[in-house]
Amino acid sequence: MEISNTSGRRKTSVARIYMQAGQGNITINGREMKAYFGNELLENIVNQPLAIVEQVGQYDIKVNVRGGGIAAQAEAIRLAISKALVGDNAEVRPALKKEGFLTRDPRMVERKKFGKRKARRSFQFSKR
């Protein structure tokens with residue numbers, strides 16, 4: 001298999017991945033995944049698409065990710081890996097689609113409005 005190059009997004013995070021057959025090494029921004037996240041839950045989020053199609057440890061993945069927090073980055077990486085797996089083998093698409101891994105989560109932070117403290121929260125009202 002040649003190197004497949006896909007991207008995934010979540011909130012303001014953008015993940016670009018380069019996936020090829022290998023021993024299962026996942027490198028994120030030049031660091032090992034365990035060193036980058038340091039959280040088992042986020043590592044599981046990244047590995048979910050590979051676990052569903054039972055191909056954990058069969059791909060080397062190099063990730064460049066920027067923007068957002070680490071949870072949004074993990075979900076952006078998950079979307080990119082799912083898209084790369086479908087590009088490599090179209091038969092895994094129904095399984096990944098059923099889990100919702102091929103859908104870009106459109107929720108974004110609502111912008112702050114003028115005359116308000118936050119997007120919807122008003123300033124505290126003082127009667128006297």
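What you have open is a predicted model, in which local features need pLDDT of at least 70 and side-chain atom pairs count only at pLDDT 80 or more, while totals for chains, interfaces and linings use all residues. Residues are numbered from 1 along each chain as its sequence is written, and side-chain values use heavy atoms, with hydrogens and water left out.

Now show the whole of H2, residues 40–52. Helices (H or I, at least four residues) and strands (E, at least two) are DSSP runs, numbered from the N terminus. H2 has 13 residues and spans 17 Å from first C-alpha to last, close to the 18 Å expected at 1.5 Å a residue; that expected span is 1.5 Å times one less than the number of residues.

Where does H2 bend? Click on Val46: the bend there is about 45°, and Pro49 follows within four residues. The angle is taken between axes fitted to the seven residues ending at a residue and the seven starting there.

Next, look at both ends. At the N-terminal end, Asn39 caps H2, with a side-chain oxygen 3.0 Å from the backbone nitrogen of Leu41. After H2 comes Glu54, which has a positive phi, near 55°.

Over to the aromatic rings. Searching the whole structure turns up 1 aromatic pair. Select Tyr36 and Phe37: their ring centres are 5.3 Å apart and their planes sit at 80°, so this pair is edge-to-face. Rings of Phe, Tyr and Trp (its six-membered ring) pair if their centres lie within 6.5 Å; planes under 30 degrees apart count as stacked, over 60 as edge-to-face and the rest as tilted. Tyr36 and Phe37 are both buried.

Finish on the strands, which pair if DSSP finds at least two bridges between them. Strand E2 (residues 13–21) runs antiparallel to E5 (residues 59–66) over 8 bridges, and Ile17 has Val63 as its bridge partner in E5. Strand E3 (residues 26–28) pairs with E5 in the parallel sense over 3 bridges; here Thr27 stands opposite Lys62.

Notes: Buried < 20%, exposed > 50% of the residue type's maximum accessible area, 1.4 Å probe, protein only. Polar contact = N/O pair within 3.5 Å; in protein donor to acceptor, adjacent residues only side chain to side chain.
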